[in-house]
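Please read the following points alongside the sequence and the model.

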Amino acid sequence: MKNLNFYMRVISLLLVILAVLFYNSSMKAQANEKEIAALTDKVDTLQEQQNELLSALETSYVNRMQNQAASAESGSSDDKTTDTSDGNVSDADAEDTATADSDNVYKDGTYTGEAEGYGGTIQVEVTLAGDEITSINVVSAPGEDSAYLSQAESVIDSVLSAQSTDVDTVSGATFSSTGILNAVDAALGKAENS
């Protein structure tokens with residue numbers, strides 16, 4: 001009788017343990033399902049945002065290509081521009097110029113940018129015209145060693161040739177040339193059309 005009572009207790013204990021294990025595994029499965037559902041929703045949202053961005057970029061690209069084609073056509077017809085009676089160019093031509101300028105990535109003008117170089121802050125002036133970088137000048141670099149700075153300034157020619165700051169830094173003046181590139185990026189950021 002004592003053994004039977006002992007076995008019944010062991011079997012009861014085993015049943016309780018199995019019930020707890022089953023409960024825990026079902027709760028973990030539910031938690032995993034909720035987490036998977038939440039992640040799936042996030043992925044769906046990100047895909048929708050990506051599709052919206054791609055659509056906006058495609059539309060912007062198509063509009064830009066159409067505007068470039070239109071400006072190329074109007075450029076060839078500029079020789080035939082009709083002046084108004086007071087000697088000024090017609091309003092239609094002024095609107096075309098304003099539209100072309102608003103489609104540019106950058107606003108025309110001269111912008112300053114600053115970044116850290118090897119010896120301190122480097123300040124540059126970047127001049128833009130028609131979405132082209134026309135000139136870059138180092139305005140101030142008080143903490144830079146003049147030998148390194150003059151060597152680093154050769155990166156400016158690379159930027160002007162590539163029309164991008166995605167160029168190699170100058171070996172031997174890496175920090176100074178990186179400072180110039182970052183300062184140019186800062187100036188371009190100020191020049192962006194919004």
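1. The buried residues of H5 pack against strands S1 (109–116), S2 (121–129) and S3 (132–140), and against helices H3 (146–152) and H4 (155–162). Contact means heavy atoms within 4.5 Å; buried means under 20% relative accessible area, exposed over 50% and partly exposed in between (1.4 Å probe, protein chains only). Helices (H or I, at least four residues) and strands (E, at least two) are DSSP runs, numbered from the N terminus.

2. This is a predicted model, in which local features need pLDDT of at least 70 and side-chain atom pairs pLDDT 80 or more, whereas totals for chains, interfaces and linings use all residues. Residues are numbered from 1 along each chain as its sequence is written, and side-chain values use heavy atoms, without hydrogens and water.

3. Among the buried residues of H5 are Gly179, Ile180, Ala183, Val184 and Ala187. An α-helix has 3.6 residues a turn, so residues three or four places apart point the same way.

4. S2 has a covered face of Ile122, Val124, Val126 and Leu128, while Thr121, Gln123, Glu125, Thr127 and Ala129 form its uncovered face. In a regular strand the side chains alternate between the two faces of the sheet.

5. S1 and S2 pair antiparallel over eight bridges (pairing requires at least two DSSP bridges). Seven bridges join S2 to S3, also antiparallel. In the hairpin of S2 and S3, two residues lie between the strands, and Gly130 in the turn has a positive phi of about 60 degrees.

6. Is Leu13 buried or exposed? Leu13, in helix H1 (residues 2–76), counts as exposed because its relative accessibility is 52%.
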